[in-house]
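The following report describes a two-chain model for a reader who works with coordinates.

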Amino acid sequence: MPKAQKPVIEGWFAVEDGQPHLIGTRCKACGTYYFPRQSLYCKNPACDGEEFEEVPLSRRGTVWSFTNAMYQPPEPFVAEDPHVPYTILAVELEKEKMIVLGQGIRGLQCEDLRAGMGVELVLDTLFETEEQATITWKWAPVA
Amino acid sequence: MSADQEIAVLGIGMHPWGKWGRNFVEYGVKASRDALADAGVAWRDIQYVSGAATMRCGYPGYVAGATFAQALGWQGAEVNTSYAACASGSQALAAARAKILAGQCDVALVVGSDTTPKGFLKPAPGERPDDPDWVRFRLGITNPSYFALYARRRMEIYGDTAEDFALVKVKNAEHGFSNPNARYRKKFSAADVAASAMVADPLRLMDICATSDGAAALVVCSLDYARRLGRDDAVRIAAISTVTPTFASAVVEMPDIATDSAAVVEAQRFRAAIPAKAYEEAGIGPEDVSVAEVYDLSTALELDWCEDLQLCARGAAAQLVRAGETRIGGRIPINPSGGLACFGEAVPAQALAQVCELTQQLRGTAGERQVAGAKVGITANQGLFGHGSSVILKR
């Protein structure tokens, strides 16, 4: 029986037609995108917008930079025992003109990555217990 | 800036950096007493105590100004405490400057001190998904992750190498070797850096600064007060920049998980804006700078700072360090104190420690670390949540 799945943070990502995406918002007045979601006040100093529409962020972007985590981070990170190093990617989204961080998919190495490379968003396990898997977004090279 | 907007640095004091594990108040008192002795000013004559807060030492840390005023012996001075992450010391200094320039006090004590826990700095406990600092740790993104993303970006865009980054460590280790207040006093080689453990590719353990205990203090005063003490020649503070970022952020900053969107406005570099404001305020340019103390949280970040301070063209900082131009004796010495590489970060004390070093450099009393003929010095640092500072000193 598959484990119950729980998002690492409620309301940050969703799956539509089998395709996962981050959930952002967009200011109805000036068009600025937000991730994580912003729904009370626009942070563009030239805009006093207070109305936002929920938008799916681009699933694909290009690598701005990358690194890895060779050591186990402190809590509230939940580590495997022993710690399994993972990559961290900073990904530029062209339409939104923003950079979003996230882990690389399991098995991805820094040697596999280059700035400007195409990547896409996938959902994967961040950590799991016997009963439940905690799910997050990760970046995967575009095949 | 005109001279009527300047204040004088009468005295400096520091408690050596280390992992002493004692109460931060003890370090702060030592640094304060040294600064008062250096200034030749009695504690009773101090009219304003401005403390940089520490967040990891309980309530006394939140009210650091009062904590030090009490420890030194309540004498009725007015008090202030500033918190601005890595820029806390500069904000405490800026508060003292404002008080002095407003004519509300003549002489002030500014002090920052910290006792740090072991290992990675970590967020406050509890389940707090609305706090970006909680979110990023939950996702496994630590402080070195950000430093490494910036370092790798340099490699990808400018062709910097891990060997270039190691040169920064080797240079700073040489500088700090003779500094009695530095925690690490050893002349490390490039081979030592390369042999240290990989933490966040491309950064190794010796590319990344540690966290330390330490304290730094300044006695600052109006130019009139300095004159009355016969200290017309005192080093002066010509600018203190504590600007916030301008929307939209071009670079993903701690503790954020994403940058602002630059879909409808142009992206802005925060790090470059910090010293730019200081230059403007002091009425000088990067060509006037003789020495700089910058926040080398990582070796690669020192190279970013060289460019943000406009000491070289964007992308050219690795050439500077390769040519030895940032060494003492080079064209533009960076971090003659040894920098964070030799100190490790003691957050509320660090920005003040930078000012202490530049004061010594401009007085010509830095001993083996002396930058010959130093006339103008600039500090730069950046911390969490849009905090950063840059102070210009001149003689």
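## A parallel strand pair

In strand S10 of chain B, Ala380(B) is the bridge partner of Val294(B); helices and strands here are DSSP runs, of H or I with at least four residues for helices and of E with at least two for strands, numbered from the N terminus. This is a predicted model, in which local features need pLDDT of at least 70 and side-chain atom pairs count only at pLDDT 80 or more, whereas totals for chains, interfaces and linings use all residues. Residues are numbered from 1 along each chain as its sequence is written, while chains are lettered from A and ligands numbered from 1 in the order in which they are written.

S9(B) (residues 291–294) and S10(B) (residues 376–382) run parallel and are joined by four bridges, where pairing requires that DSSP find at least two bridges between the strands. From S9(B), Val291(B) and Glu293(B) point one way and Ala292(B) and Val294(B) the other, and all are buried; a residue is buried if 20 or more other C-beta atoms lie within 10 Å of its own, exposed if 12 or fewer, and partly exposed in between, with C-beta atoms placed from the backbone. In a regular strand the side chains alternate between the two faces of the sheet.

## Helix H11 and its packing

Helix H11(B), residues 299–308, is mostly covered, as 10 of its 10 residues are buried, including Asp304(B), Trp305(B) and Cys306(B). Gln310(B), which follows H11(B), has a positive phi, near 60°.

Helix H7(B) (residues 162–176) packs against H11(B) at an angle of about 90°, with the axes 8 Å apart; axes are lines fitted to C-alpha atoms, for helices over the stretch in contact, and angles run from 0 to 180 degrees between N-to-C directions. H7(B) is therefore roughly perpendicular to H11(B), a term that covers 65 to 115 degrees, with angles under 35 counted as roughly parallel, over 145 as roughly antiparallel and the rest as oblique. Phe165(B), Ala166(B), Val168(B) and Lys169(B) of H7(B) meet Thr299(B), Ala300(B), Glu302(B) and Leu303(B) of H11(B), contact being defined by C-beta atoms, placed from the backbone, within 7 Å.

## Overall form of chain B

Chain B comprises 14 helices and 11 strands, and its C-alpha trace spans about 55 × 50 × 45 Å along the principal axes. Of the 395 residues, 61% count as buried.

## Contact between the chains

In chain B, 34 residues are in contact with 39 residues of chain A. Helix H5 (132–138), helix H6 (143–158) and strand S5 (198–200) of chain B each supply at least two residues of the side that touches chain A, and the largest share, seven residues, comes from H6(B).

## Backbone details

Two peptide bonds deserve a look. The bond from Asp81(A) to Pro82(A) is cis, with omega near 0°, and Pro82(A) lies in the loop between strands S6 (60–69) and S7 (86–93) of chain A. The bond from Met254(B) to Pro255(B) is cis, with omega near 0°.

Asp17(A), although not a glycine, has a positive phi of about 50°, and this residue is exposed, with 4 other C-beta atoms within 10 Å. Lys97(A), also not a glycine, has a positive phi of about 50°, but Lys97(A) is buried, with 20 other C-beta atoms within 10 Å.

Note on methods: Two residues are in contact if their C-beta atoms, placed from the backbone, lie within 7 Å.
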